[in-house]
Amino acid sequence: MRLIINGEPQTTAATTLSQLLAALDYEGEWLATAVNGELVHREDREGHALNDDDRIEILTPMQGG
Amino acid sequence: MLDLYETQIGSRLLLGTARYPSPAVLADAVKRSGTEIVTVSLRREAAGGRNGGVFFDMIRALGARMLPNTAGCHGVSEAVLTAKMAREVFQTNWIKLEVIGNHDTLQPDVFALVEAARILCSEGFEVFPYTTDDLVVAERLLEAGCKVLMPWCAPIGTAAGPLNLSALRSMRAHFPDVPLIVDAGIGRPSHATIVMEMGFDAVLLNTAVAGAGDPAAMAEAFAKAIGAGRQAFGAGMLEPRDMAVPSTPVIGTAVFA
């Protein structure tokens with residue numbers, strides 16, 4: 001499947017958002033995810049099926065002013 | 001005490017967490033500032049990265065309340081989504097809403113700001129909007145549901161200090177009951193004292209502390225300056241006058257001649 005992950009085109013075998021996070025070695029309670037501009041809550045990632053050309057955002061805490 | 005969305009806050013200094021020389025210096029600055037609120041952000045991190053988690057654990061260990069921001073957002077939908085993602089991570093309804101309208105001045109796009117504030121307030125967020133000193137925009141933000149305003153006093157990171165004292169005075173006078181936090185442009189402790197003497201409720205600092213030669217010492221200096229300004233505001237200051245007035249009583253002055 002072809003996805004845009006944090007702005008970069010990538011190909012993956014993952015079919016759900018939670019599978020994608022595992023495949024990319026993202027883990028932790030501090031992650032936030034969005035697909036095609038909509039927030040996907042932590043508890044909904046497992047059931048969130050991915051489609052070709054989905055735009056995925058995976059954000060983590062950072063320093064900020 | 002400072003009342004922000006019905007949360008009582010003891011310190012009137014809010015501190016940003018960016019641009020410090022090291023995490024240890026940041027931690028020291030937070031401690032010596034006495035702040036109870038630190039601003040944080042969200043960013044993309046390379047796959048497998050753990051930096052976000054390390055930072056998150058460090059900030060949580062400091063015990064300060066977190067105020068996530070939408071820094072870097074340039075439109076309504078981007079800011080709203082970032083706010084929702086921040087709520088997911090930081091588990092707070094508080095959001096420092098920034099919608100940048102100009103790359104050079106980093107001044108807020110106030111039209112998008114008001115629209116984003118309206119959406120976020122309707123979805124249960126407690127919005128801290130980074131805005132200008134424009135009174136009409138301030139009114140619109142309050143109508144949108146904001147209960148705190150965060151006007152700049154100069155563009156972000158300039159250290160220029162309060163550039164438009166008249167506008168700031170006017171803002172304070174127009175909104176006597178709204179917590180007003182000066183959010184950007186402060187460079188030195190004396191700048192913070194000036195706005196606190198004017199009756200502003202708090203100051204949000206980042207670059208002025210993080211970029212100092214000794215950030216922790218500067219954090220403490222700012223805390224004292226903010227405290228002094230607040231105390232002076234409460235104590236009632238003299239207005240300047242043109243003519244001299246002797247401070248020593250003249251009655252009974254000896255006359256030698």
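Which residue's side chain does that of B:Lys224 meet in a salt bridge? The partner is B:Glu220, at 3.6 Å from N to O; a salt bridge here is a side-chain nitrogen of Lys or Arg within 4 Å of a carboxyl oxygen of Asp or Glu. This is a predicted model, in which local features need pLDDT of at least 70 and side-chain atom pairs pLDDT 80 or more, while totals for chains, interfaces and linings use all residues. Side-chain values use heavy atoms, leaving out hydrogens and water, residues are numbered from 1 along each chain as its sequence is written, and chains are lettered from A and ligands numbered from 1 in the order in which they are written.

B:Lys224 and B:Glu220 sit four residues apart in helix α9 (residues 215–235) of chain B, so about one helical turn separates them. Helices (H or I, at least four residues) and strands (E, at least two) are DSSP runs, numbered from the N terminus. B:Lys224 is exposed at 57% relative accessible area, and B:Glu220 is partly exposed at 26%. Buried means under 20%, exposed over 50%, and partly exposed in between (1.4 Å probe, protein chains only).

Over in α6 (residues 165–174) of chain B, B:Ala167, B:Leu168, B:Met171 and B:Arg172 are buried. B:Arg172 also pairs with B:Asp201 in a salt bridge of 2.6 Å, N to O. B:Asp201 lies in the loop between α7 and β10 (202–205), so the bridge ties together parts 29 residues apart in sequence. Both partners are buried.
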